[in-house]
Amino acid sequence: MSRSKHQTLKGIMDGQSKGQITSMFNERDHDAMEWVAKRVIKKDTLRDRRAAKNLNEDSDA
């Protein structure tokens with residue numbers, strides 16, 4: 001998932017209305033749940049990268 005963290009949910013969901021997006025999540029639509037899973041992976045990856053960067057910076061000091 002290589003989307004900007006600043007990209008809106010509406011932009012990701014093909015310009016659907018907020019009501020349509022909300023109902024997709026409420027109904028646990030496959031596409032919505034796939035987006036959530038990808039977001040979790042992205043957050044984990046970013047957290048791991050930050051931790052590795054901080055560890056490298058600490059060892060250099």
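**View 1. D44 and its salt bridge to R47.** D44 is partly exposed, at 30% relative accessible area; here buried means under 20%, exposed over 50% and partly exposed in between, using a 1.4 Å probe and protein chains only. Its side chain meets that of R47 in a salt bridge, 3.1 Å from N to O. To count as a salt bridge, a side-chain nitrogen of Lys or Arg has to lie within 4 Å of a carboxyl oxygen of Asp or Glu. R47 and D44 are about one helical turn apart, because they sit three residues apart in helix α3. R47 is partly exposed as well, with 49% relative accessibility. Bear in mind that this is a predicted model, where local features need pLDDT of at least 70 and side-chain atom pairs count only at pLDDT 80 or more, while totals for chains, interfaces and linings use all residues. Residues are numbered from 1 along each chain as its sequence is written, and side-chain values use heavy atoms, with hydrogens and water left out.

**View 2. K38 and E34, also in a salt bridge.** Searching the whole structure turns up two salt bridges, and this one joins the side chains of K38 and E34 at 3.6 Å, N to O. Side chains of opposite charge can pair when their charged atoms come close. Four residues separate K38 from E34 in helix α3, so the two are about one helical turn apart. Both ends are partly exposed: K38 has a relative accessible area of 40%, and E34 has 36%.

**View 3. The whole chain, helix by helix.** You'll find three helices and zero strands here, in the order α-α-α along the sequence. Helices (H or I, at least four residues) and strands (E, at least two) are DSSP runs, numbered from the N terminus. Of the 61 residues in the chain, 11% are buried. The accessible surface is about 5100 Å², and carbon and sulfur atoms account for 49% of that; the areas come from the Shrake-Rupley method with a 1.4 Å probe, and for residues only the protein chains shown count as cover.

**View 4. The largest nonpolar core.** Six residues build it: I12, M13, I21, M24, A32 and W35. Helices α2 and α3 (30-60) are the elements that give two or more residues to this core. A nonpolar core is a set of buried Ala, Val, Leu, Ile, Met, Phe, Trp, Tyr and Cys residues joined through side-chain atoms within 4.5 Å. Setting aside neighbours within four places in sequence, M13 is in contact (heavy atoms within 4.5 Å) with I21, M24, F25, A32 and W35.

**View 5. F25 meets W35.** The whole structure has one aromatic pair. The ring centres of F25 and W35 are 6.2 Å apart with planes at 80°, so the pair is edge-to-face. Rings of Phe, Tyr and Trp (its six-membered ring) pair if their centres lie within 6.5 Å; planes under 30 degrees apart are stacked, over 60 edge-to-face and the rest tilted. This pair links distant parts of the chain, with F25 in α2 and W35 in α3, ten residues apart. F25 is partly exposed, at 22% relative accessibility.

View 6. R28 is found in the loop between α2 and α3. Its phi is near 55°, a positive value in a residue other than glycine. At 62% relative accessibility, R28 is exposed. T22 belongs to helix α2 (residues 18-26) and is partly exposed at 43%. From T22 to A32 is ten residues in sequence and 9.5 Å in space, C-alpha to C-alpha.
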